[in-house]
Amino acid sequence: MAAKSNKSASYPSSFRQREYKPSSVWLGRAGVFILTVGLWELLSGRAFNSFWLSKPSLILKRIGEMAADGDLWFHMSATLQEAIVGLVIGMAGGTLLGVAISFSGIFEKWIYPYIMALYSLPRVSLAPLFIVWFGIGLSSKILMVVAMVVFVAFYNAFEGIRNIDRDLMDMMSTYKAKWTHKLKWVVLPSITVWILTSLRLNIGMALIGSVIAELVGSNRGLGYYITFSSSMLDTTGIFTGLVLIMLIAVVLEQIVLLMERRLLRYR
Amino acid sequence: MNDNESKLAIRDLKVEYDAKGRRTVALEQVNLNVKDGEFVSVVGPSGCGKSTLLKVVSGLLRPAGGTASIDGKEIAGVPDQVGMVFQNDALLPWKTVIDNVRLPLEIKGVPRKEQLHEAQRLLGMVGLEGFASYYPKQLSGGMRKRVALARTFAYDPEIYLMDEPFGPLDAQTRVKIGEQFLKIWEQVGKSVLFITHDIEEAIALSDRVVVMSARPGRIKAEFNVRLERPRPFYDIRFDPLFKDLQKEIWAQMADEG
C-alpha cells in the first residue's frame with residue numbers, strides 16, 4: 001500500500017536503472033578531462049608540431065588576451081545572440097506549427113510531405129541565400145538558426161501530439177471540458193517532454209546555424225573569428241573559437257537540464 | 001418496461017467499426033434500460049463489445065443504428081448526466097492527487113477554494129487523506145483507482161459508467177475497493193452501468209446482471225439480483241441466492257465457448 005521508493009537496494013536489472021554516487025561520476029569526468037587535455041598538452045610540440053593542433057595552454061592564454069582587449073565578448077555575444085534569438089523564434093514557431101497542423105484535419109495530409117521535403121534539404125546550403133536576402137548583419141544569421149531549429153521543433157511537437165494518451169482526451173471529453181481545458185491540462189503537459197527534447201537537440205543545431213552563417217559572410221561572431229584565424233594560418237585561433245562554441249553549448253544544455261528537472265518532477 | 005421511467009434507455013442499438021477496410025459489427029440489437037438509482041452490470045466474454053456500449057452511452061461513439069437516450073433525450077455528443085470511470089484510471093500523471101480530483105470541478109467553473117475543500121473531503125471518503133500532494137506514479141494501483149473514483153464522485157454525475165474499473169487490480173485489493181465503492185454508492189444512490197467480466201463482482205454489486213454474447217454482442221439474458229441492501233460485499237458470496245445466480249449466469253456464459 002505504501003508509496004514505492006526507488007531508494008531500496010536492487011540489482012541493476014536494466015541498463016537505465018543503475019544508480020551511481022555523484023562523487024564517483026564527477027571524479028571520473030574530471031579524470032577523463034585531465035587525461036585528454038593533459039595528453040594534448042604534453043604531446044603537442046613533442047610528438048607532433050604544435051602548429052597543427054595548437055595546445056591547451058596556448059588556447060587558454062588566447063582566451064585571456066581576448067578577454068582583456070574585449071574581443072572575447074564582442075564575438076561571443078554576437079554568436080550567442082543569434083543562436084538564442086533564433087532558437088526562441090524557431091522553437092516557438094515550430095512547436096506552434098506542429099500543434100496547429102496536427103489538429104488541422106485533412107490539411108495535415110496535404111502539407112506534411114512538403115514539410116518533410118524541406119526538412120531533407122541540406123539547410124546549411126541556404127546560408128548564401130539568406131546573406132543575399134538580408135546582408136551580413138544579424139537577421140541573416142537569425143534566419144539561418146531558425147531554419148536549422150524549426151523542423152526538429154515541429155516534428156517533436158507533432159509526434160508529441162500523436163502520442164497523447166487517447167484515454168486522457170476521452171476522460172476530458174466525458175467531463176465536458178472545453179478545448180482550452182484540454183490544452184492546459186492534457187495537451188501541453190503531454191508534449192512538454194517532447195518540447196524539452198527538441199530544445200536540447202536544437203541547442204547544437206542553433207550553434208551550427210549561427211556559426212555556418214558567420215563562416216559564409218559576417219564581420220563578427222565566433223564563426224567569423226574562426227575563418228579569420230584560418231586565413232592567418234592561426235590554428236590556436238581556430239581552436240579557441242571551437243572551444244568557446246563548445247562552452248556555450250555546454251552551458252545552454254545545463255540550463256535546459258535544470259528546466260527539465262523542474263518541469264518533469266512528476267516522473 | 002416503459003421508457004419513461006428509465007434513466008437510460010437503449011433501443012435496438014447497433015454499432016459498427018471500420019477496421020482496415022472491413023466492417024465489423026460490434027453490437028447488434030441491444031436493448032437495455034437502467035432505472036434511476038439502479039445498479040446494472042454487464043458481463044460477457046472479452047471482445048463482446050461491452051466497452052463499446054459504454055462509449056455509446058458516454059457520447060464518445062456514434063451508433064450505426066438504434067438509439068440510446070437519457071431522460072428521454074437521445075444522446076448526441078457527451079451528455080451532461082454521465083461520468084465515466086476508465087479501466088486504466090486515466091489520471092493525469094503530471095498533476096498531484098488533489099489536482100486530479102478537483103479537475104471536474106475546475107472544468108465546471110467552481111471557485112478554487114471550494115474545489116480544494118470538496119476534493120479534500122472526497123479524498124477522506126476514499127481513505128486517502130494524507131496523499132493530496134502525491135503524484136499518481138507514487139501510488140499503488142489500488143490507491144490510484146480510489147483517486148479515479150474520488151474524481152468521478154467530484155463530478156457527481158447522475159449515471160456512473162464504469163468500464164471494468166477494478167480489472168487490473170489483484171484479488172485482495174479488488175474486494176477491498178469493491179466494498180468501499182459499494183458503501184459509498186449506497187449513500188449516493190445514483191444509477192450505475194458497470195462493465196465487468198467477473199461474475200461474482202457483478203452479482204455482489206448489482207440490482208440486475210445482464211449477460212452479453214460474443215461478437216457481435218447481443219444481450220443474451222438478464223438476471224434480477226434480489227439480495228438485500230446494504231449488502232456485505234464479501235460475505236454475500238456465501239448466500240444461497242448468490243450461489244444459485246452465480247451458477248445460472250455461469251451456465252449462460254459457458255454456453256459461449
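Residues are numbered from 1 along each chain as its sequence is written, and chains are lettered from A and ligands numbered from 1 in the order in which they are written. Since the model is predicted, local features need a pLDDT of at least 70 and side-chain atom pairs count only at pLDDT 80 or more, whereas totals for chains, interfaces and linings use all residues.

View 1. The model scores ipTM 0.87 and pTM 0.80. By pLDDT, the predictor's confidence in each residue on a scale from 0 to 100, chain A averages 90, with 94% of the residues scoring at least 70. Over residues 1-6 of chain A the pLDDT is below 50, and this stretch has 5 contacts in the model beyond near neighbours in sequence; two residues are in contact if their C-beta atoms, placed from the backbone, lie within 7 Å. Chain B averages a pLDDT of 88, and 98% of the residues score at least 70. Within chain B, confidence is highest in α2(B), at 94, and lowest in strand β5 (residues 73-74), at a mean of 84. Here and below, helices (H or I, at least four residues) and strands (E, at least two) are DSSP runs, numbered from the N terminus.

**View 2. The contact between chain A and chain B.** To this contact chain B contributes 23 residues and chain A contributes 18 residues. On the side of chain B that touches chain A, β6 (82-85) and α2 (97-108) each supply at least two residues. The residues of that side of chain B divide by class into 16 nonpolar, 5 polar and 2 charged, where Ala, Val, Leu, Ile, Met, Phe, Trp, Tyr, Cys and Pro count as nonpolar, Asp, Glu, Lys and Arg as charged, and the others, Gly among them, as polar.

**View 3. The two domains of chain B.** Domain bounds come from an automatic or database domain assignment, which divides chain B into domain 1 (1-81 + 157-169 + 177-202 + 212-229) and domain 2 (91-156). The C-alpha centres of these two domains of chain B lie 25 Å apart, and 10 residues of domain 1 are in contact with 10 residues of domain 2. Helix α5 (residues 171-188) of chain B gives the most to the side of domain 1 that touches domain 2, with 4 residues. That side of domain 1 of chain B has 9 nonpolar residues, 1 polar residue and no charged residues.

**View 4. The open sheet of chain B.** An open sheet of 6 strands runs in the order β6-β7-β8-β3-β9-β10 (chain B), with mixed pairing; two strands pair if DSSP finds at least two bridges between them. The edge strands of this sheet are β6 and β10 of chain B, each of which pairs on one side only. Neighbouring strands are turned by 15° against each other on average, direction ignored. Strand β3 (residues 39-43) of chain B pairs with β9(B) in the parallel sense over 4 bridges, and B:S41 has B:V209 in β9(B) as its bridge partner.

View 5. Strand β9 (residues 208-212) and strand β10 (residues 219-224) of chain B run antiparallel and are joined by 5 bridges. The hairpin connects β9(B) to β10(B) through 6 residues, and the bridge partner of B:M212 is B:I219 in β10(B). The peptide bond from B:R229 to B:P230 is cis, with omega near -10°, and B:P230 is placed in the loop between β10 and α7 (240-254) of chain B.

**View 6. Packing of helices α9 and α11 in chain A.** Helix α9 (residues 179-216) and helix α11 (residues 235-263) of chain A pack at an angle of about 170°, with their axes 10 Å apart. Axes are lines fitted to C-alpha atoms, for helices over the stretch in contact, and angles run from 0 to 180 degrees between N-to-C directions. The packing angle makes α9(A) roughly antiparallel to α11(A), a term for angles over 145 degrees. Among the residues that meet are A:L196, A:L199 and A:I203 in α9(A), and A:I248, A:L252 and A:V256 in α11(A). By class, this contact of α9(A) with α11(A) has 12 nonpolar, 2 polar and 3 charged residues.

Conventions:
Parallel < 35°, antiparallel > 145°, perpendicular 65-115°, else oblique.
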